[in-house]
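Visitor: Could you take me through the sheet in this one, strand by strand? I'd like a close look at how the pieces line up.

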Amino acid sequence: MRCPNCKSKDIGKIGTSQYYCWGCFIELTITDGQLHLHQVEVDGSLSSLDDLFAEEERNIDL
Ligand SMILES: [Zn+2]
């Protein structure tokens, strides 16, 4: 599995279907074979980055 944002393979598991990219510090969640990307803001809230990626970039082959 690679981060679609920075192409890093340095991805750590932080929960069930939840991952964290140490390359660009975003959270990745897998739902129904699709990646959902979130950036953690300074106040701890999450903002979605899904709009920045095409659907095929977020598809995951398990
Ligand atoms: Zn990344």
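Guide: Happy to. Start at one end: strand β4 (residues 34–40) pairs with β5 in the antiparallel sense over 3 bridges, and Gln-39 has Ser-47 as its bridge partner in β5. Strands here are DSSP runs (E, at least two residues), numbered from the N terminus, and two of them pair if DSSP finds at least two bridges between them. Before going on, a note on the model: it is predicted, so local features need pLDDT of at least 70 and side-chain atom pairs count only at pLDDT 80 or more, while totals for chains, interfaces and linings use all residues. Residues are numbered from 1 along each chain as its sequence is written.

Zooming out, the sheet is open, with 5 strands in the order β1-β2-β3-β4-β5 and antiparallel pairing. Its edge strands are β1 (11–15) and β5 (46–48), each pairing on one side only. From one strand to the next, the twist averages 35 degrees, taken between N-to-C directions of lines fitted to C-alpha atoms, on a scale from 0 to 180 degrees.

β1 runs antiparallel to strand β2 (residues 18–21), joined by 4 bridges, with Gly-12 opposite Tyr-20 in β2. The two form a hairpin with 2 residues between them, and Ser-17 in the turn has a positive phi of about 55 degrees. β1 is also hardly covered: of its 5 residues, the buried count is 0, where buried takes 20 or more other C-beta atoms within 10 Å of a residue's own, with C-beta atoms placed from the backbone.

Notes. Buried ≥ 20, exposed ≤ 12 C-beta atoms within 10 Å, placed from the backbone.
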